[in-house]
Amino acid sequence: MGKTLLEKVWEAHTVRELPSGQTQLFIGLHLVHEVTSPQAFEMLREQGLRVLFPERTFATVDHIIPTDTRQRPYADPQAEGMMRAIERNCAEFGIRLFQASSGYQGIVHVLGPELGLTQPGMTVACGDSHTSTHGALGAVAFGIGTSQVRDVLATQCLAMQRPKVRRVVVDGCLARGVYAKDVILHIIRKLGVKGGVGYAYEYAGEVIECMSMEERMTVCNMSIEGGARLGYVNPDEKTFSYLRGREFAPKGEAFERAVRWWRSMASDPDARYDDEAHFRGEEIGPTVTWGINPGQAIAVDEAVPPPEAFPPDEREVAEEAYRYMGLRPGQPIRGMRIDVAFIGSCTNGRLSDLREAAKVARLGKVKPHVKALVVPGSESVARAAEAEGLHEIFRAAGFEWRMPGCSMCLAMNPDKLVDRQVCASSSNRNFKGRQGSPAGRTLLMSPAMVAAAAIAGEVVDVREILPA
Amino acid sequence: MAELIRIEKIVGRPVPLRGNDIDTDRIIPARFMKVVTFDGLGQYLFYDERFDGSGKPKGHVLDDPRFAAKGPRVAVVNKNFGCGSSREHAPQALLRWGIRALVGESFADIFFGNCMALGMPCVCASEADIAWLQQAIEEDPQQDCVVDLRSMRVEYRGRIIPVTMPEGFRRQLLEGTWDATRILLQAEDAIRQTAARLPYVRGFGAEVDS
């Protein structure tokens with residue numbers, strides 16, 4: 001009987017079985033950011049512990065960092081305090097910090113893959129639920145809480161229960177104007193926001209195989225929105241060529257040896273799965289969320305569904321969503337007026353996302369009533385985008401071109417919605433209040449769809465804008 | 001070595017927190033996470049559900065005098081509680097508000113693990129039992145709710161409800177080994193041996209192929 005990638009990685013990283021029945025799992029790469037780490041370092045100090053493998057932890061700043069200035073001290077004294085804390089903690093415990101303006105800084109889940117830190121067959125942990133992103137490279141990557149950040153710092157291990165594996169197969173191909181974001185929104189819509197609890201999602205099928213590494217990252221990124229703590233794609237030639245030459249990837253002969261090991265970690269053809277789900281690429285359209293969780297999504301040409309369209313235990317949340325969003329069942333999502341357009345985040349803040357959005361942005365001007373932001377995912381993404389002139393395209397169309405950070409995905413920095421503003425957003429969560437205003441409303445969609453909404457001033461179908 | 005704290009039974013006044021898919025952004029909005037300690041997070045628990053823009057209470061159950069009580073508290077929740085962001089600030093805010101155990105239909109994975117790391121058990125009961133429990137609490141909140149991890153039973157107003165929790169987690173609580181750091185560190189030699197076996201830790205040296 002063959003094994004899944006998850007089983008192979010789990011076995012390779014098992015230190016021991018704990019008396020409780022859990023696994024003591026070695027963590028190959030630990031990523032740290034400023035919001036979920038200060039208390040963990042403080043616990044180390046209180047308990048007199050050191051960092052066991054400081055060379056296996058890397059830190060950056062992304063959540064609270066302003067995107068319009070890098071001037072220190074920050075105007076927000078709390079943000080400045082958090083910044084100082086991570087600087088002090090990294091210096092004291094010997095951890096490499098990718099500081100702002102170093103050329104490396106960025107959203108933690110953009111940075112890991114692009115630096116070649118994330119590699120196939122590794123275990124990756126970070127105090128952030130979107131750590132599932134790194135699964136795109138064939139890593140077993142998952143989010144943890146701050147006490148677990150402390151555990152990884154002190155022991156390079158976690159006490160974990162092995163999840164079940166569901167193979168999520170997307171065959172066929174995607175139509176023009178349909179992107180990786182639409183694929184994952186569609187999967188979550190169909191499998192539900194709690195369908196993945198207790199599972200790892202292994203994404204497979206022709207659509208996933210055809211995707212670029214960055215597109216796979218978008219898909220894996222939102223696994224957690226479907227309840228799956230981790231999602232991954234088996235490593236293939238695309239994975240290996242993506243990693244070749246990256247700063248922290250192995251070099252020369254070591255790279256060739258690495259490829260052989262990475263390949264051996266992929267799921268075997270006869271691996272057994274706990275569950276399978278099948279989709280066709282052709283059935284997926286440009287997808288937009290209309291509600292207050294990422295499963296409340298429809299194709300852009302569909303109407304807001306009635307309560308009867310949901311299983312009984314989702315109807316109450318649907319009713320809550322109608323009220324909060326100011327929408328009625330049967331109402332089209334297309335034509336909904338927007339106030340803000342946000343392109344960025346660990347879901348869709350990479351170079352290929354910005355390219356797709358720029359293709360739309362060059363076709364028009366942002367409507368005067370719309371505030372439109374483009375926030376590259378990292379300093380490296382920003383450099384590459386600027387080298388191609390994407391920033392000029394966005395600026396000419398009326399978008400603001402900002403500096404890297406999480407920005408309006410969760411609004412811990414000054415980029416926030418106001419009152420009941422509606423935001424077309426390429427981020428990952430449309431929870432109530434997520435974008436900084438307790439009454440703010442978020443419509444999740446692909447970067448190209450966000451750019452199209454910015455130009456139209458309302459939700460539109462990007463397929464009607466893109467040249468044939 | 002820190003003293004082992006065994007968690008076997010929680011007795012406290014219950015509070016029903018109704019709704020499926022309650023995400024951690026709702027439990028603690030991100031703007032309250034710009035802090036370097038967890039102290040004081042209790043006051044921001046469910047802040048935007050409890051208070052309007054001017055800070056005036058909106059009549060949330062947590063502020064309802066009928067449910068006010070001193071001492072440990074037990075939250076009774078529905079499906080997929082704690083989904084979304086991995087922020088430990090959410091269970092920390094619950095803990096600092098007074099919650100010591102959660103009884104629900106189901107919990108999100110990361111949230112569940114974060115609660116475990118704080119020694120705050122999350123146990124699951126059937127939809128029907130949770131519905132009864134929430135209604136019974138709303139009718140008469142001033143009774144103690146007992147969450148017994150030894151017998152895996154919850155008791156309220158004389159009714160016994162069977163509850164579940166993965167055995168490994170239950171044992172950690174009963175044995176007092178839920179604070180994992182020391183347990184993990186006991187195997188320091190094995191940790192180093194595991195690391196030394198991993199090809200990427202060894203820099204993919206020539207021995208990888210052998």
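Modeller: A definition is needed at the outset: a residue is called buried under 20% relative accessible area, exposed over 50%, and partly exposed in between. Please keep in mind that the model is predicted.

Colleague: Is B:R157 buried, partly exposed or exposed?

Modeller: B:R157 is found in the loop between β6 (153-156) and β7 (159-162) of chain B. Its phi is near 45°, a positive value in a residue other than glycine. Because its relative accessibility is 40%, B:R157 counts as partly exposed.

Colleague: Which class of accessibility does A:D419 belong to?

Modeller: A:D419 lies in the loop between β17 (400-401) and β18 (422-425) of chain A. It has a positive phi of about 50° although it is not a glycine. Most residues other than glycine have a negative phi. The relative accessibility of A:D419 is 57%, so the residue counts as exposed.

Colleague: What is the omega of the cis peptide bond that joins A:R72 and A:P73?

Modeller: A:P73 has its place in the loop between β4 (57-60) and α3 (77-93) of chain A. Most peptide bonds are trans. The bond between A:R72 and A:P73 is cis, and its omega is about -10°.

Colleague: Which side chain is joined to that of A:E392 by a polar contact of 3.4 Å?

Modeller: A:E392 lies in helix α15 (residues 390-397) of chain A. With 44% relative accessibility, A:E392 counts as partly exposed. Its C-alpha atom is separated by 9.7 Å from that of A:R362, 30 residues apart along the chain. The polar contact of 3.4 Å joins the side chain of A:E392 to that of A:H391.

Colleague: How many salt bridges does the rule find across the interface of domain 1 of chain A and domain 3 of chain A?

Modeller: The domain assignment places domain 1 of chain A at 5-160 and domain 3 at 287-464. In this pair, 25 residues of domain 1 of chain A are in contact with 24 residues of domain 3 of chain A. The rule finds 17 residue pairs in polar contact across this interface, both residues being at pLDDT 80 or more. For salt bridges across the interface of domain 1 of chain A and domain 3 of chain A, the count is zero.

Colleague: What area is buried between chain B and chain A?

Modeller: The size of an interface is often given as the accessible area lost when the parts come together. Here, 61 residues of chain B are in contact with 77 residues of chain A. B:K34, B:Y200 and B:F204 supply 14% of the area that chain B buries against chain A, more than any other three residues. Carbon and sulfur atoms give 58% of the area buried between the two chains, which is about 5,600 Å².

Colleague: Which element gives the largest share of the side of chain B that touches chain A?

Modeller: Across the interface of chain B and chain A, the rule finds 26 residue pairs in polar contact, both at pLDDT 80 or more. The elements that give two or more residues to the side of chain B include α1 (24-27), α4 (109-117) and α8 (188-197). The largest share is seven residues, and it comes from α8(B).

Colleague: How far apart are the closest N and O atoms of B:D21 and A:K194?

Modeller: Across the interface of chain B and chain A, the rule finds seven salt bridges. B:D21 forms a salt bridge with A:K194, and their closest N and O atoms are apart by 2.9 Å.

Conventions: Residues are numbered from 1 along each chain as its sequence is written. Chains are lettered from A and ligands numbered from 1 in the order in which they are written. This is a predicted model: local features need pLDDT of at least 70, side-chain atom pairs count only at pLDDT 80 or more; totals for chains, interfaces and linings use all residues. Side-chain values use heavy atoms; hydrogens and water are left out. Domain bounds come from an automatic or database domain assignment. Contact means heavy atoms within 4.5 Å. A salt bridge is a side-chain nitrogen of Lys or Arg within 4 Å of a carboxyl oxygen of Asp or Glu. A polar contact is a pair of N or O atoms within 3.5 Å; within protein, one must be able to donate a hydrogen and the other to accept it, and residues adjacent in sequence count only if both atoms are side-chain atoms. Helices (H or I, at least four residues) and strands (E, at least two) are DSSP runs, numbered from the N terminus. Buried means under 20% relative accessible area, exposed over 50%, partly exposed in between (1.4 Å probe, protein chains only). Buried area is the accessible area (1.4 Å probe) that two parts lose on being put together, summed over both.
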